[in-house]
Amino acid sequence: MKIGVLALQGAFIEHEKMLSSLGAETTEIRQKKDLAGIDAIVLPGGESTTCGKLLKDLGILEPLKGLINNGLPVFGTCAGEILLAERIDGKSSTYLATMPMYVKRNAYGRQLGSFDTTADFKGIGEIPMCFIRAPYISSVEDGTEILAEVDGQIVAARYKNQLAISFHPEISGNTAVHQYFLEMVEQTDTLNIRQQAS
C-alpha cells in the first residue's frame with residue numbers, strides 16, 4: 001500500500017517515519033501529479049491557512065477533494081483536521097470541507113498552547129496525546145463517530161473514510177493511531193476509487 005503524505009509544510013517527515021516503521025510505503029505529495037497511484041493520504045500538522053493557500057495555488061485542492069469524496073482514505077492531524085472541516089470557527093471560508101464537523105482553531109489558547117496528556121481512543125485504548133496549539137472539534141454531524149475526548153472536548157473523530165484528530169501522534173512514539181488508519185486503508189477498495197477519479 002502506498003500512502004501519500006502532504007509535504008508542503010509542517011510535520012510530514014515524522015508521519016513518513018512512523019508509517020514506514022509499520023511497513024507502509026510512503027510518497028510525498030507536492031504537486032497535483034503526485035496524487036496518482038496513492039491508496040490514502042495524510043494531512044499533517046502545520047499552519048492551516050498557509051497549507052490551504054498552497055493547496056489552491058498548486059492546483060491540488062479540488063482533485064484531492066474529489067478523491068476524498070470518492071472514498072480515498074484521509075488522515076488529518078491538527079492543521080489537517082482544519083483542512084477537512086466543513087465549518088471552521090471564525091472563518092467564512094473552508095478548504096477541503098469534506099468532513100461534517102465544526103472545528104475551533106487554536107482552541108486551547110496561548111497559556112495551554114501545548115500540552116501532553118493520555119486519554120482513551122475508541123477501538124485502541126488509552127494512548128499518549130501531544131497537543132501543539134491545537135484545534136478541537138466543537139461538534140459533529142450525524143454519521144460522524146467520536147473517537148476521543150479530552151476535558152469534554154472532541155479531539156478525534158471518523159466519518160466514513162476520513163479520520164481527523166487534534167493531537168500529534170507522529171511525535172508521541174506510539175504507533176497505535178497510525179496502525180488504526182492503515183487498517184482503515186486495508187478495508188477500502190482504493191483501486192476502484194482511482195479508476196472513478198481518472
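Analyst: Helix H5 (residues 176–186) is largely enclosed by the rest of the structure, because 8 of its 11 residues are buried. Buried means under 20% relative accessible area, exposed means over 50%, and partly exposed lies in between, with a 1.4 Å probe and protein chains only. Helices (H or I, at least four residues) and strands (E, at least two) are DSSP runs, numbered from the N terminus. The model is predicted, so local features need pLDDT of at least 70 and side-chain atom pairs count only at pLDDT 80 or more, whereas totals for chains, interfaces and linings use all residues. Residues are numbered from 1 along each chain as its sequence is written, and side-chain values use heavy atoms, with hydrogens and water left out.

The buried residues of H5 are Ala176, Val177, His178, Tyr180, Phe181, Leu182, Met184 and Val185. Histidine 178, a residue of H5, has a relative accessible area of 0% and is therefore buried. Leaving aside residues up to four places away in sequence, histidine 178 touches His15, Met18, Leu19, Leu22, Phe75, Pro169 and Glu170, where contact means heavy atoms within 4.5 Å.

Strand E12 (residues 162–165) is covered on both faces: Gln162 and Ala164 are buried on one side, and Leu163 and Ile165 are buried on the other. In a regular strand the side chains alternate between the two faces of the sheet. Two strands pair if DSSP finds at least two bridges between them. Strand E4 (residues 74–77) pairs with E12 in the parallel sense over 4 bridges, and the bridge partner of threonine 77 in E12 is isoleucine 165. Strand E11 (residues 153–159) runs antiparallel to E12 and is joined to it by 4 bridges, with tyrosine 159 opposite glutamine 162. E11 and E12 form a hairpin with 2 residues between them, and lysine 160 in the turn has a positive phi of about 50°.

Rings of Phe, Tyr and Trp (its six-membered ring) pair if their centres lie within 6.5 Å; planes under 30 degrees apart count as stacked, over 60 as edge-to-face and the rest as tilted. By this rule the count comes to 4 aromatic pairs. One of them is stacked, because the rings of phenylalanine 115 and phenylalanine 131 have their centres 4.6 Å apart and their planes at 5°. This pair links distant parts of the chain, with phenylalanine 115 in strand E7 and phenylalanine 131 in strand E8, 16 residues apart. Phenylalanine 115 counts as buried at 17% relative accessibility, as does phenylalanine 131 at 1%. Phenylalanine 131 and phenylalanine 167 have ring centres 5.8 Å apart and planes at 55°, so the pair is tilted. Phenylalanine 131 lies in strand E8 and phenylalanine 167 in the loop between E12 and H5, so the pair ties together parts that are 36 residues apart in sequence. Both phenylalanine 131 and phenylalanine 167 are buried. Ring pairs link Phe115, Phe131 and Phe167 into a cluster.

The account now turns to charged side chains. A salt bridge is a side-chain nitrogen of Lys or Arg within 4 Å of a carboxyl oxygen of Asp or Glu, and the structure holds 6 of them. Among them is the pair of glutamate 141 and arginine 87, at 3.9 Å from N to O. Glutamate 141 is in the loop between strand E9 (136–140) and strand E10 (145–150) and arginine 87 in strand E5 (residues 85–88), so that this pair links distant parts of the chain, 54 residues apart. Glutamate 141 is partly exposed, with a relative accessible area of 39%, and arginine 87 is partly exposed at 40%. The charged end of arginine 87 also sits over the ring of tyrosine 102, 4.3 Å from its centre; the criterion is NZ of Lys or CZ of Arg within 6 Å of the ring centre and within 35 degrees of the ring normal. Another salt bridge joins lysine 122 to glutamate 145, the closest N and O atoms being 2.8 Å apart. Lysine 122 lies in the loop between strand E7 (114–121) and strand E8 (125–132) and glutamate 145 in strand E10, so the pair ties together parts that are 23 residues apart in sequence. Lysine 122 is partly exposed at 44%, and glutamate 145 is partly exposed at 31%.
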